[in-house]
Amino acid sequence: MINFNTYKTAKSIAAFACFSFSTVLSGNVQAQALPLIMTQATSNSSALCRSERQQNQVTLLNGMLEQADQYIALGRLDEASILLVRSLQTIRGMENSADKVTFIERVVGSLPPDIAYTSPLERLVRAVPTQSPQAALAVISAAYDTTQTVSSGYSASKTRTLTALANYATRIGQPDRSVNILGQALNASNLIQGAEFKTIALSNVAEAYINAGQANDAVPILARSLQFAQTITSSNPYRKANALERIASLYARINQVDRALQIVRSISISNYQSETVLTLVNRYSEAGQVDRALELLRTIASADRKAELLAMIAGRLTAQQPDRARQLYAEAVSTARSTQNAQAVVTIAVRYVEAGGLVAAAEETVQAIENAFVKAPAQGMMALFYAKAGQSDRADALLTQALATAATIGEASERNSAIQQLIEQAIQAGRYDVALRVAQTIQTGEAIPSDRVQVLMQIADRAIATDRYDAALEITNQIPSNFAGNRDPLLLKIARGLAEAGEFDRAQAIAQTPSLDQSFRPKTLAAIAAQILKVSGQIDPATVLFEQAIDLANAIEQPSTRAETLAAIAIEYLRINFTGDAPQLLNQAITVSQSIENPSDRTVLLRSIAEQLTAANYYQAALQIAQAIPDSTERIYSLNAAIEKAVNAGDLIAAAAGLNQLNDPVVKTRWLVTVADRYRQLGDRTQAATFLNQAFQTARTIPGAESRTITVRGGELPLTGEDDQDRGSFLAAIALRFAQINQVPQALQVAQVLQNRAVRQQLVQRIGCYR
């Protein structure tokens with residue numbers, strides 16, 4: 001989270017010199033001592049200060065980007081945008097260096113293509129609503145301005161970054177802005193050295209123009225890219241081939257199919273298999289140029305890919321040229337069978353139907369497959385095709401065959417896998433009725449059908465996720481009532497979904513479902529009440545349901561269930577921002593928990609409630625519950641978890657409230673410094689200083705030696721290391737942070753509390769770098 005190794009690093013450096021230890025200083029440094037210390041602090045070498053300031057910038061920016069990612073994950077897009085713009089402004093002020101370029105690439109996501117990475121800007125672009133993309137647009141604009149300050153020595157990176165920004169602008173509905181950015185990307189690419197690098201850059205720019213709907217602008221850029229590609233010299237011929245392949249694929253995208261084919265044929269590597277050729281076959285076929293498509297298809301070496309394309313062409317021709325379609329499909333089947341791969345045969349049957357072919361012909365192909373593990377899911381696919389075509393009788397019959405085929409599979413794991421494939425196919429097709437029918441065939445040979453219950457839960461969850469509440473309810477009702485722990489959470493989700501859709505009566509009907517769990521009905525009524533307020537704003541009916549839920553909760557005899565149910569109702573209030581009612585219910589839950597005699601049981605209950613509240617991002621409520629946990633270790637754990645979630649979410653007020661409840665000075669100091677860091681990232685130096693002052697006072701109370709070692713591993717080969725959370729480490733970290741917010745006198749005052757004279761002098765030198 002934060003690094004307190006400053007003190008240890010300084011101590012290691014000082015160990016090479018012979019210094020004596022001074023006595024412990026207490027209180028603030030006397031005013032007359034400051035000029036001497038300031039003089040010491042200004043005698044630092046420029047190299048040390050350059051390194052110090054650079055490390056400070058890197059640490060600050062890493063924290064800002066981490067926090068921005070947290071905001072995006074929580075849907076707080078405006079706050080993420082503000083923080084990313086601030087980070088880009090900070091980056092803009094850096095001197096031209098590899099660090100500056102790397103940070104721009106990290107924000108934008110324009111790192112070299114061999115690095116798998118999703119940038120915060122990429123996440124923000126994905127998250128912003130199409131109708132209001134301002135949060136992303138602000139970052140794109142700031143990133144553009146910052147990228148323009150990069151020197152020509154980083155032209156390849158600059159071109160990549162501008163191209164990425166152009167693509168983002170297109171994705172948020174700003175194609176005109178995209179084109180303007182691409183003009184600058186094209187200028188930057190002129191300074192790139194090396195034929196291969198120029199080829200890649202120009203291809204990327206051309207693709208971005210195509211993405212922006214400006215294919216005409218892409219054509220001359222592709223021509224230039226091709227010229228450079230043809231001059232690539234490398235000991236690895238595939239580097240040139242890959243560059244040409246990319247250009248060919250872009251020509252194919254703008255329907256210059258013949259040009260694309262010409263480029264592919266210029267690749268002089270024997271047995272080279274071009275992916276673009278597969279695209280071109282498809283393009284010729286779509287354009288009705290079947291003979292050209294077939295001519296090109298004959299050059300494909302891969303039998304399974306050739307068969308797949310033949311099947312797609314056959315499917316497209318079925319309506320207009322049925323005889324030729326039959327001939328081509330027969331060739332596709334023969335080619336697929338020649339691979340000795342039954343799955344390849346299934347693939348061509350599916351592709352044929354999807355392209356417009358006859359389900360009956362595809363079924364005939366599937367029925368000839370001997371491998372039951374492959375055949376059963378294939379029959380299931382054909383059943384779904386019949387169902388889609390309205391031939392329900394044939395669909396039912398074929399599904400029955402599929403289940404019978406699956407039953408013949410000897411290996412249990414393969415049989416279960418085939419059943420799972422049938423279920424997954426049905427779900428993907430939106431046929432939850434078919435998925436349910438398959439699930440009902442699952443047998444375990446046990447008195448309790450637990451395996452079936454698990455599968456039914458999975459299907460119901462998928463139906464709920466797609467708002468298919470009728471199907472979800474039908475599936476959930478198949479779960480026996482003695483599996484209340486599995487069934488009731490699904491019923492609660494369905495009731496919530498129906499209420500959110502405005503179907504309040506149906507939702508309330510679900511709440512009346514008999515259950516072995518006394519908490520089910522009050523929890524469900526509270527969830528419905530919350531949705532009524534959220535959707536319709538009807539206060540009276542919602543209030544009635546909330547009151548019913550609370551009455552039912554209070555009638556529960558078992559204290560742990562009663563307390564957990566009251567907390568669940570409080571969470572429903574919190575969901576709709578009725579924060580005034582939630583604390584009272586949580587206090588009631590705490591009071592009920594006090595009647596649990598066993599402190600361990602009480603701890604488990606309250607920790608569980610605190611974890612639920614923390615997971616739902618209700619930090620203040622979690623802190624309220626955590627305070628009541630009787631076990632001190634578990635209490636600190638829950639408080640720590642809630643504070644961490646609050647800090648990561650940027651809710652520093654809630655975090656500060658939690659800090660006041662911490663008694664451990666080490667934990668408290670760590671969080672005070674972390675909160676100070678967050679305020680510094682937000683540009684609020686006043687609040688940062690406030691928390692650093694608190695951290696200083698708390699750190700001084702940490703018991704034990706100023707510097708400690710800890711045992712990492714015992715035994716015959718013990719391993720020890722420096723404790724980076726001892727008093728000295730914290731004091732050094734706090735001192736540096738004061739300096740970093742331009743409060744050097746306060747930094748020096750903190751530094752003077754350190755007992756080790758050599759370490760103190762090293763720290764004073766570093767502080768002087770911020771004058």
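Y238 is partly exposed, with a relative accessible area of 41%. Here buried means under 20%, exposed over 50% and partly exposed in between (1.4 Å probe, protein chains only). The model is predicted: local features need pLDDT of at least 70 and side-chain atom pairs 80 or more, while totals for chains, interfaces and linings use all residues. Residues are numbered from 1 along each chain as its sequence is written, and side-chain values use heavy atoms, without hydrogens or water.

The structure holds 4 aromatic pairs. Rings of Phe, Tyr and Trp (its six-membered ring) pair if their centres lie within 6.5 Å; planes under 30 degrees apart are stacked, over 60 edge-to-face, the rest tilted. Y238 and Y272 form a tilted pair, at 6.1 Å centre to centre and 40 degrees between the planes. Y238 lies in helix α12 (residues 237–253) and Y272 in the loop between α13 (257–265) and α14 (275–286), so the pair ties together parts 34 residues apart in sequence. Helices are DSSP runs of H or I, at least four residues, numbered from the N terminus.

F546 and Y573 have ring centres 4.0 Å apart and planes at 15 degrees, so this pair is stacked. F546 sits in helix α29 (residues 539–554) and Y573 in helix α30, 27 residues apart. F546 is buried at 3% relative accessibility. Y573 is buried too, at 8%.

E572 also belongs to helix α30 (residues 559–575). E572 is buried, with a relative accessible area of 5%. The side chains of E572 and R496 are joined by a polar contact of 2.9 Å.

Definitions and conventions:
Helices (H or I, at least four residues) and strands (E, at least two) are DSSP runs, numbered from the N terminus. A polar contact is a pair of N or O atoms within 3.5 Å; within protein, one must be able to donate a hydrogen and the other to accept it, and residues adjacent in sequence count only if both atoms are side-chain atoms.
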